[in-house]
Amino acid sequence: MRIALYTFGVFRERADHLVNEGFYDRHDPSMDQVEAAPGFIARSGYDGDPGPQSWGQQVWPEFYRERGDGWSPATLSLWEAPGAIAAFAYRGIHGEAVRLGRNWFVEPQWPPYALWWVADDHLPDWSEAVARHRLLHETGPSPSVFDLRTVFGPDGDPMALDPGRWRRAMDQH
């Protein structure tokens, strides 16, 4: 089993507004950092963009509001374990971007991300990710979808994170 991660945010201003420059300055270095992170498996690209292939047609949660800019930041990726995500997310340039996020994004009335287990031979698509995100918003954490505060194992039982193992791996990397 592998862990799928979907993230979603809504810019305060149009995507092309100068206030978002700090986000864009950190985007490519963050993607480079994630692809080198211990425990990272793969990520979806975006329709029409260079880079990884898109895992299906990109769709948006109901929280997205079109403002003429055509998109909102979202990611879809696969990881070995929730602890690998926890160790990566709040360190380095990505961690800096998380801390500065309030400068670029509206305060979400929805979960900023969703996690769920997938079989080794399953590649989640954007529609599946949005459905899991919606389920987390509507019902809260469960074995079907959860966050890093309330983690479930592939067997459906609650589990503790082990980000220390992954942090050590990142430090050695």
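**Nonpolar cores**

I looked up the largest nonpolar core and found 22 residues, with Ile3, Trp79, Ile85, Leu115 and Phe146 having the most contacts inside it. Such a core is a set of buried Ala, Val, Leu, Ile, Met, Phe, Trp, Tyr and Cys residues joined through side-chain atoms within 4.5 Å, where buried means under 20% relative accessible area (1.4 Å probe, protein chains only). Two or more residues each come from strand 1 (2-8), helix 1, helix 2 (82-89), strand 4 (113-118) and helix 5 (163-172). Helix 2 gives the largest share, 5 residues. Helices (H or I, at least four residues) and strands (E, at least two) are DSSP runs numbered from the N terminus.

The model is predicted: local features need pLDDT of at least 70, side-chain atom pairs count only at pLDDT 80 or more, and totals for chains, interfaces and linings use all residues. Residues are numbered from 1 along each chain as its sequence is written, and side-chain values use heavy atoms, without hydrogens and water.

I then checked isoleucine 3. Beyond its neighbours within four places in sequence, its contacts (heavy atoms within 4.5 Å) include Trp79, Ile85, Leu115 and Phe146. I noted another core of 20 residues, lying apart, with Ala4, Tyr6, Tyr46 and Trp55 among them.

**Helix 1 and helix 3**

I found that the axes of helix 1 (residues 21-36) and helix 3 (residues 92-100) come within 8 Å and cross at roughly 135°. On the helix 1 side, the contact is made by Arg26, Pro29, Ser30 and Gln33. By class, I recorded 4 nonpolar, 4 polar and 2 charged residues in the contact of helix 1 with helix 3; Ala, Val, Leu, Ile, Met, Phe, Trp, Tyr, Cys and Pro count as nonpolar, Asp, Glu, Lys and Arg as charged, and the others as polar.

Note on methods:
Axes fitted to C-alpha atoms, helices over the stretch in contact; angles between N-to-C directions. Buried < 20%, exposed > 50% of the residue type's maximum accessible area, 1.4 Å probe, protein only.
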